[in-house]
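Subject: Structure for your review

Dear colleague,

Please find below the structure that I am handing over to you.

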Amino acid sequence: MSHIIWNKRYETMPEKRKAELQLEKLKRMVRRIYDKVPFYKKAMDEAGVKPRDIHKLSDISKLPFTTKDDLAANYPFGMFASPMKDIVRIHSSSGTTGKPKVGAYTKEDIRLWAELMARTFTCAGVTRKDVIQNAYGYGLFTGGLGAHYGAERIGATVIPISGGNTKRQILVMQDFGSTVLCSTPSYALHLFEAAEEAGVDIRQLDLRVGVFGAEMWSEKMREQIESKTGITAIDIYGLTELIGPGVASECLEKNHLHVFDDHFIPEVIDPETLEPLPPGEKGELVFTNVSRKAFPILRYRTRDITALHPEPCPCGRTHVRMERVTGRSDDMLIVRGVNVYPSQIESVIMGIQGVEPHYQIVVDRQKSMDTLEIWLEVSEQLFSDEIRELEKLEARIRQELESVLLIGTRIKLVEPKTIQRSEGKAVRIVDKRNI
Ligand code: DLL
C-alpha cells in the first residue's frame, strides 16, 4: 500500500528528536500559561510546581490536570491565553451535560488547524484531485470549518454543504461527483440508507472515501458501511477543547489513529487513581496542547477511553497511535450496580445479521429497579417474517448481550426508521432515571 504523507518532517520524526521537540514546546507553553492565565498559575502553585521544575518529558506528571469542571468554572473566556484583539475565531461545543466548551483561535492557531486537517485528509488518502462533500455542520461546531480549511489547504475541491438536507446531499453527490464524504458515521449511514431508498446506488457514484468522526462508532459499523457502499471509511478524532478535528487520524492501514503528537502530548491515566498507565493499557485519555496560542490546555482529562501504542506504523509515520475511542468514562452506565459501556452493546448487536446499525439504549428505573432496554431496528424482510422468527432473534440477542454485559436486558425489535435519525452526533443513550 502506498502512503502519501503531508508533512514528512514532523510526521516521520525519529522518536528521540520528537521527544526533544515536545519537551522544548512543553517548557515554553508551561511558562507562558503560568504568566498569562491566572487559573493555571493558581493550579500550579497549589500543586507546588513551578515552570522551572520541568526538566524532562516525564515531569509532565508533576503538573495539575484540567477538568471539564475547570472549563465550566472559567466559562466563557477565563482560560484564554491571548488578548481578544489577537483572537480571530471562537468555536464551541454543546456537549451532553453542563456548560458549552469554548475554544479560541489566533491567526496562527487557524493556520495550525488547517495543517492538522491537511495531515488528516492525507492520512485518509485524500489529495488535491478529490471533491470533498463536507457534511459536518458549519457553525459553532468545529467539524465544518475545520474540515473546510484542511480541504482547501491540500487544494482539493470542497463542497461546503454542511449537515442535513439529505435529499440535496444525494443530489450533490451524484451531480458534483463527490469522491469524499465528511460527516459523522451515523449521518453517513442515514444518507446511504436514504440513497438506497431513492434508488441511488452509491457503488455507481464516484464516492470512494468517508472521513468519519465526532462520535463513537465500532469496527463492525465500519465493516457494514464499507461492504454496503464499497468506500474506504476512516476514523478521525478531535475535540473543541484541543482544536476540533485534527487531533488524531487513522491512515489507510486502519490500525489505530495517529495522534499528531508534535502538538498534542497524550497520556492515558487510570481515571480512579489518576496514575499514568503503560502503553497498551486502556484508560482515560489526557492531552496537553503545547502549540495553540489562544487556548493552550494542560493535562486535559478528555473522559474518552482508549490505549496508546508507540510502535511504528507501516505507513512510515512515527506518531504514537491511539485505539479507536470505545467509550467515555462519563458515558459509562451503571445499571443495577454493573458498569455497562455502550460500545460493548454496539459490538454485540452489529455482529448479528439482519440487525440494522440504528439503535438506542434506554435506561429506566421501575419500582427502584434499573431496567436496560435496547431498541433495535431490524431489516424490512425480518420484520415481515413470522412473529416466532422475531422472538427467536430477540432471545438470541438477549443471550449474547447477557454473556458480555453480565446483566439481563430487554430487547425491542422495531421496524426500519423507527429510531430518530440525527444530522450530527447520534443520540444513543436515553437515561430516564433522573438520578
Ligand atoms: O466532535 C470534533 C470533531 C469534528 C472530531 C469532526 C471529528 C470530526 P466536540 O464536539 O468537542 O468535537 O466533541 C468531542 O467527541 O471528546 C469524543 O468523546 C467524541 N469524538 C470525537 N471524535 C471521535 C471519534 C468534535 N472518532 C468529543 N470516535 C470527544 C469516538 C469521538 N468519539
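The notes below cover the ligand site and then the nonpolar cores.

This is a predicted model, in which local features need pLDDT of at least 70 and side-chain atom pairs count only at pLDDT 80 or more, while totals for chains, interfaces and linings use all residues. Residues are numbered from 1 along each chain as its sequence is written, and side-chain values use heavy atoms, with hydrogens and water left out.

The ligand is surrounded by 22 residues (each with a heavy atom within 4 Å of it), and the closest are Asp-235, Ile-236, Thr-240, Asp-304 and Arg-328. A polar side-chain atom of Thr-240 lies 2.5 Å from a ligand oxygen atom. For Arg-328, a side-chain N or O atom is 2.8 Å from an oxygen atom of the ligand, and a polar side-chain atom of Lys-425 also lies 2.8 Å from a ligand oxygen. Of the 610 Å² of accessible area that the ligand has on its own, the protein covers 94% (Shrake-Rupley method, 1.4 Å probe). Strand S7 (232-239) gives the most to the shell, with 5 residues.

The largest nonpolar core has 72 residues; such a core is a set of buried Ala, Val, Leu, Ile, Met, Phe, Trp, Tyr and Cys residues joined through side-chain atoms within 4.5 Å, where buried means under 20% relative accessible area (1.4 Å probe, protein chains only). Helix H5 (residues 107-123) gives the most to this core, with 8 residues. A second, separate core of 25 residues includes Tyr-359 and Leu-401.

Yours sincerely

Methods. Buried means under 20% relative accessible area, exposed over 50%, partly exposed in between (1.4 Å probe, protein chains only). Helices (H or I, at least four residues) and strands (E, at least two) are DSSP runs, numbered from the N terminus. A polar contact is a pair of N or O atoms within 3.5 Å; within protein, one must be able to donate a hydrogen and the other to accept it, and residues adjacent in sequence count only if both atoms are side-chain atoms.
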